[in-house]
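Please read this briefing alongside the sequence and the model shown here.

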Amino acid sequence: MTERIVPSGDVELWSEDFGEPGAPALLLVMGGNMNALEWPDPFCELLAASGLHVIRYDHRDTGRSTCRQFAEHPYTFDTLAADGIAVLDGWGVESAHVLGLSMGATIAQVMALNHEKRLRSLMLMLGGALDIDFDGNIERGFKGEPSLDGLPGPQPRFFEMMALFAEPVETVEAELDRRVERWALLFGDELPFDRDEYRRWEQKAIDHAGTPHEPYQHHALTLPPLTRGAELTGLTLPTLVIQAMNDPAAPPPHGKHLTELIPGSRLVEVPGMGHALPSSVHQVLVDAIAGHAMAHSTKAA
């Protein structure tokens with residue numbers, strides 16, 4: 001593994017790679033307010049062992065990347081998409097497979113629309129399409145109202161998770177406890193979830209950031225205009241959509257909706273999987289991701 005700080009406009013982004021630099025590049029785009037280490041090391045190592053050059057990075061305002069007050073330095077999803085391209089530039093990668101998770105799936109869609117020539121393929125996991133008003137659906141869900149787009153909104157376990165973070169905690173141990181509980185709620189109980197494993201991973205994420213306090217700046221972001229969803233119908237990128245069948249944040253059929261929007265895209269449904277990445281789902285995900293990437297790795301890196 002090699003660490004690298006790369007510039008993106010007036011900020012610096014921390015990044016790290018796994019695998020051989022000459023292999024097809026895979027850029028991992030994490031969800032909101034999460035640093036790069038939320039991509040578990042064993043997952044990244046499995047991806048690298050499958051023949052990919054894996055690159056993960058801290059979003060601006062997370063981890064070891066530049067962190068500032070959002071009100072003084074506002075930005076948009078276009079900015080976050082440009083950050084991903086800047087990471088590729090910093091590693092000398094002309095084109096890469098891009099895998100986005102949760103809010104990272106939103107960023108990855110914007111990357112594909114704004115910078116399509118820099119992507120070999122697109123992979124979207126645990127997220128929904130740009131024409132879905134997720135923020136509005138969360139607000140409606142809090143009020144007990146249904147979503148207005150014909151797809152299910154966040155499920156009760158999602159709101160239980162949000163309630164965990166309503167009040168601050170005073171110790172690192174208490175923070176670790178609720179982070180593990182967050183992921184347990186998001187993942188559910190249909191497949192094995194190892195709390196001790198996740199506690200170790202969250203400790204690493206805290207050590208990496210240098211603070212137990214999670215950032216909040218991404219909560220201030222405004223989602224891309226819903227009209228951008230229609231642009232997905234013009235994408236020509238090979239696209240893989242991974243639907244976690246027990247996901248309380250973007251439950252089925254959000255994945256099916258994405259595949260209906262993006263021409264030629266392929267849907268993989270993972271039974272029992274929730275909105276988290278414990279080791280119990282790593283191999284099935286790596287098989288799907290690496291299979292898709294290797295089938296579409298003809299561009300020069």
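Predicted model: local features only at pLDDT ≥ 70, side-chain atom pairs only at ≥ 80, totals over all residues.

Residues are numbered from 1 along each chain as its sequence is written, and side-chain values use heavy atoms, with hydrogens and water left out. Helices (DSSP H or I, at least four residues) and strands (DSSP E, at least two) are numbered from the N terminus.

**Helices α6 and α7**

- The axes of α6 (residues 172-187) and α7 (residues 195-209) come within 9 Å and cross at roughly 125°, where axes are lines fitted to C-alpha atoms, for helices over the stretch in contact, and angles run from 0 to 180 degrees between N-to-C directions.
- The two helices α6 and α7 are therefore oblique to each other, given that angles under 35 degrees count as roughly parallel, over 145 as roughly antiparallel, 65 to 115 as roughly perpendicular and the rest as oblique.
- The crossing of α6 and α7 is right-handed, meaning that the near helix is turned clockwise from the far one by less than a right angle.
- Residues making this contact (heavy atoms within 4.5 Å) include L176, V180 and W183 of α6 together with Y198, E202 and I206 of α7.
- By class, the contact of α6 with α7 has 8 nonpolar, 1 polar and 9 charged residues, with Ala, Val, Leu, Ile, Met, Phe, Trp, Tyr, Cys and Pro counted as nonpolar, Asp, Glu, Lys and Arg as charged, and the others, Gly among them, as polar.
- Within α7, the residues E197, Y198, W201, E202, A205, I206 and H208 are buried, that is, under 20% relative accessible area with a 1.4 Å probe and protein chains only.
- The cover over the buried residues of α7 includes β2 (11-18), α1 (41-49), α6 and α10 (282-295).

**Helices α1 and α10**

- The axes of α1 and α10 come within 10 Å and cross at roughly 35°, and this crossing is right-handed.
- The contact is made by P42, F43, L46 and L47 of α1 and by H282, Q283, L285, V286 and I289 of α10, a set that divides into 7 nonpolar, 2 polar and no charged residues.
- Also in helix α10 is H292, which counts as buried at 4% relative accessibility.
- Leaving aside neighbours within four places in sequence, H292 is in contact with S121, L122, M123, P238, T239, L240 and R266.
- The C-alpha atoms of H292 and H97 are separated by 9.3 Å, although these residues lie 195 apart along the chain.

**The enclosed helix α3**

- Of the 12 residues of α3, 11 are buried, so this helix is largely enclosed by the rest of the structure.
- What covers the buried residues of α3 (residues 103-114) includes β3 (25-29), α2 (77-90), β5 (96-101), β6 (119-125), α8 and α9 (254-261).

**Two further buried residues**

- N137 lies in helix α4 (residues 134-142) and counts as buried at 3% relative accessibility.
- Apart from neighbours within four places in sequence, N137 is in contact with I132, S147, L148, D149 and P154, and the C-alpha atoms of N137 and P154 are separated by 7.3 Å.
- Q217, in the loop between α7 and α8 (228-231), is buried with a relative accessible area of 6%.
- Not counting residues up to four places away in sequence, Q217 touches N33, D61, R68, F70 and Y75.

Notes:
Buried < 20%, exposed > 50% of the residue type's maximum accessible area, 1.4 Å probe, protein only. Expected span 1.5 Å × (residues − 1).
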